[in-house]
Amino acid sequence: MLREVLGSIFKKPATNRYPAQKLDMPDKYRGKLKFYPQKCIGCKLCMKDCPTGAITINKLDEKKFEALIDLSRCIYCAQCVDSCPKKALEASGDVELAQLDYKKLKVVFRAD
Ligand code: SF4
Ligand code: SF4
(Lines give C-alpha, C1' and ligand atoms only; values in the text may rest on other atoms or scores of the structure.)
(Ligands and ions follow the chains in the order given, each with its own letter.)
Protein backbone atom coordinates (compact mmCIF):
# COMPACT_ATOMS: atom_id res chain seq x y z
CA MET A 1 0.00 0.00 0.00
CA LEU A 2 2.70 2.47 1.03
CA ARG A 3 4.68 1.52 -2.05
CA GLU A 4 1.71 2.36 -4.28
CA VAL A 5 1.13 5.70 -2.54
CA LEU A 6 4.78 6.70 -2.85
CA GLY A 7 4.92 5.46 -6.44
CA SER A 8 1.92 7.57 -7.47
CA ILE A 9 3.50 10.73 -6.05
CA PHE A 10 6.21 10.58 -8.71
CA LYS A 11 4.03 9.35 -11.58
CA LYS A 12 2.75 11.68 -14.30
CA PRO A 13 -0.96 12.43 -13.61
CA ALA A 14 -3.42 10.39 -15.69
CA THR A 15 -5.64 13.46 -16.12
CA ASN A 16 -5.13 16.59 -18.26
CA ARG A 17 -5.02 20.15 -16.97
CA TYR A 18 -8.06 21.07 -19.06
CA PRO A 19 -8.93 23.82 -20.05
CA ALA A 20 -5.41 25.22 -19.50
CA GLN A 21 -4.09 22.35 -21.62
CA LYS A 22 -6.03 21.73 -24.83
CA LEU A 23 -7.21 18.21 -25.54
CA ASP A 24 -5.98 16.31 -28.58
CA MET A 25 -9.01 14.37 -29.68
CA PRO A 26 -8.40 11.04 -31.43
CA ASP A 27 -8.88 10.68 -35.19
CA LYS A 28 -12.50 10.09 -36.18
CA TYR A 29 -13.77 11.55 -32.90
CA ARG A 30 -17.43 12.53 -33.29
CA GLY A 31 -17.60 16.15 -32.13
CA LYS A 32 -19.29 19.22 -33.60
CA LEU A 33 -20.40 18.71 -37.19
CA LYS A 34 -18.93 20.59 -40.14
CA PHE A 35 -20.96 21.22 -43.27
CA TYR A 36 -19.47 21.91 -46.71
CA PRO A 37 -22.26 23.68 -48.64
CA GLN A 38 -20.42 23.55 -51.96
CA LYS A 39 -20.59 19.71 -51.88
CA CYS A 40 -24.25 19.40 -50.86
CA ILE A 41 -26.76 18.31 -53.52
CA GLY A 42 -29.84 18.69 -51.31
CA CYS A 43 -30.81 15.00 -51.28
CA LYS A 44 -31.79 15.29 -47.57
CA LEU A 45 -30.62 11.76 -46.74
CA CYS A 46 -28.92 13.24 -43.67
CA MET A 47 -32.27 14.63 -42.46
CA LYS A 48 -34.07 11.36 -43.14
CA ASP A 49 -31.52 9.27 -41.23
CA CYS A 50 -30.93 11.60 -38.26
CA PRO A 51 -32.43 9.86 -35.20
CA THR A 52 -33.12 13.11 -33.34
CA GLY A 53 -34.23 15.49 -36.09
CA ALA A 54 -31.25 17.73 -35.35
CA ILE A 55 -30.39 18.60 -38.94
CA THR A 56 -32.43 20.49 -41.54
CA ILE A 57 -31.31 21.20 -45.10
CA ASN A 58 -32.85 24.18 -46.84
CA LYS A 59 -32.64 25.03 -50.51
CA LEU A 60 -31.44 28.59 -51.09
CA ASP A 61 -31.43 28.51 -54.89
CA GLU A 62 -31.04 25.96 -57.69
CA LYS A 63 -27.68 24.61 -56.49
CA LYS A 64 -27.22 26.23 -53.08
CA PHE A 65 -28.16 24.68 -49.75
CA GLU A 66 -27.78 25.58 -46.10
CA ALA A 67 -27.72 23.30 -43.08
CA LEU A 68 -29.38 24.14 -39.79
CA ILE A 69 -27.97 21.98 -37.04
CA ASP A 70 -29.38 22.04 -33.54
CA LEU A 71 -26.37 21.06 -31.45
CA SER A 72 -28.58 20.70 -28.38
CA ARG A 73 -30.52 17.88 -30.09
CA CYS A 74 -27.56 16.27 -31.82
CA ILE A 75 -26.30 13.09 -30.12
CA TYR A 76 -23.07 13.10 -32.19
CA CYS A 77 -23.75 9.67 -33.66
CA ALA A 78 -22.42 10.80 -37.09
CA GLN A 79 -25.15 8.87 -38.91
CA CYS A 80 -25.64 11.92 -41.15
CA VAL A 81 -21.93 11.84 -42.02
CA ASP A 82 -22.20 8.18 -43.02
CA SER A 83 -25.44 8.76 -44.96
CA CYS A 84 -24.21 11.73 -47.01
CA PRO A 85 -23.28 10.55 -50.52
CA LYS A 86 -21.22 13.70 -51.23
CA LYS A 87 -19.16 13.95 -48.03
CA ALA A 88 -20.74 17.32 -47.32
CA LEU A 89 -20.81 16.56 -43.59
CA GLU A 90 -17.90 15.76 -41.34
CA ALA A 91 -17.53 15.19 -37.60
CA SER A 92 -14.81 17.37 -36.11
CA GLY A 93 -12.81 17.07 -32.90
CA ASP A 94 -14.45 20.22 -31.52
CA VAL A 95 -15.96 19.38 -28.12
CA GLU A 96 -16.15 22.84 -26.62
CA LEU A 97 -19.86 23.38 -27.18
CA ALA A 98 -21.09 24.60 -23.78
CA GLN A 99 -23.31 27.71 -23.96
CA LEU A 100 -25.25 29.65 -21.36
CA ASP A 101 -27.93 30.41 -23.95
CA TYR A 102 -29.20 27.24 -25.65
CA LYS A 103 -30.32 29.28 -28.67
CA LYS A 104 -26.64 29.65 -29.56
CA LEU A 105 -26.58 25.89 -30.14
CA LYS A 106 -28.77 26.30 -33.23
CA VAL A 107 -26.13 26.79 -35.91
CA VAL A 108 -26.63 27.75 -39.56
CA PHE A 109 -23.99 26.72 -42.10
CA ARG A 110 -24.16 28.25 -45.54
CA ALA A 111 -21.77 29.30 -48.27
CA ASP A 112 -20.51 32.89 -48.08
S1 SF4 B 1 -24.64 13.44 -35.68
FE2 SF4 B 1 -26.46 12.10 -35.44
S3 SF4 B 1 -27.87 13.30 -34.19
FE4 SF4 B 1 -26.32 14.74 -34.93
S5 SF4 B 1 -27.23 15.64 -36.78
FE6 SF4 B 1 -25.99 13.86 -37.43
S7 SF4 B 1 -27.40 12.11 -37.48
FE8 SF4 B 1 -28.37 13.77 -36.30
S1 SF4 C 1 -26.99 13.97 -47.27
FE2 SF4 C 1 -25.26 15.30 -47.82
S3 SF4 C 1 -25.70 15.96 -49.93
FE4 SF4 C 1 -27.61 15.14 -49.08
S5 SF4 C 1 -28.67 16.96 -48.22
FE6 SF4 C 1 -27.47 16.04 -46.54
S7 SF4 C 1 -25.52 17.15 -46.57
FE8 SF4 C 1 -26.52 17.54 -48.54
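Guide: Let's start with the ground rule: helices (H or I, at least four residues) and strands (E, at least two) are DSSP runs, numbered from the N terminus. By that count the chain has three helices and five strands. In sequence order they read α-β-α-β-β-α-β-β. The model is predicted, and local features need pLDDT of at least 70, side-chain atom pairs count only at pLDDT 80 or more, while totals for chains, interfaces and linings use all residues. Residues are numbered from 1 along each chain as its sequence is written, and chains are lettered from A and ligands numbered from 1 in the order in which they are written.

Visitor: How do you know which strands form the open sheet?

Guide: Two strands pair if DSSP finds at least two bridges between them. Six bridges join β2 to β3 (residues 64-70), so that pair passes the cut-off of at least two. The order of the open sheet is β2-β3-β5, with antiparallel pairing.

Visitor: What makes β2 and β5 edge strands?

Guide: β2 (55-61) and β5 (106-109) each have a single partner strand, so one side of each has no neighbour in the sheet. On average, neighbouring strands here are turned by 20° against each other, direction ignored (axes are lines fitted to C-alpha atoms, and angles run from 0 to 180 degrees between N-to-C directions).

Visitor: What joins β2 to β3, and which residues in β3 are the bridge partners of T56 and I57?

Guide: A hairpin does the joining, through two residues. T56 has L68 as its bridge partner, and I57 has A67. The C-alpha atoms of T56 and L68 are separated by 5.1 Å, although the two residues are twelve apart along the chain.

Visitor: What makes K28 and Y76 stand out in their phi values?

Guide: Neither is a glycine, yet phi is positive: about 65° for K28 and about 55° for Y76. K28 lies in the loop between α1 and β1, and Y76 in the loop between β3 and α3 (79-83). K28 has 9 other C-beta atoms within 10 Å, so it is exposed; Y76 has 15, so it is partly exposed.

Visitor: How do you know which residues surround ligand 1?

Guide: A residue is near a molecule if its C-beta atom, placed from the backbone, lies within 6 Å of it. For ligand 1 there are 13, the closest being C50, C74, C77, Q79 and C80. For ligand 2 there are 14, the closest being C40, C43, C46, C84 and A88.

Visitor: How do you know how the chain's radius of gyration sits against a compact globule?

Guide: The radius is taken over C-alpha atoms, and the globule rule is 2.2 Å times the number of residues to the power 0.38. For 112 residues that rule gives a value near 13 Å, but the chain has 19 Å. The C-alpha trace spans about 70 × 30 × 25 Å along its principal axes.

Definitions and conventions
A residue is buried if 20 or more other C-beta atoms lie within 10 Å of its own, exposed if 12 or fewer, and partly exposed in between; C-beta atoms are placed from the backbone.
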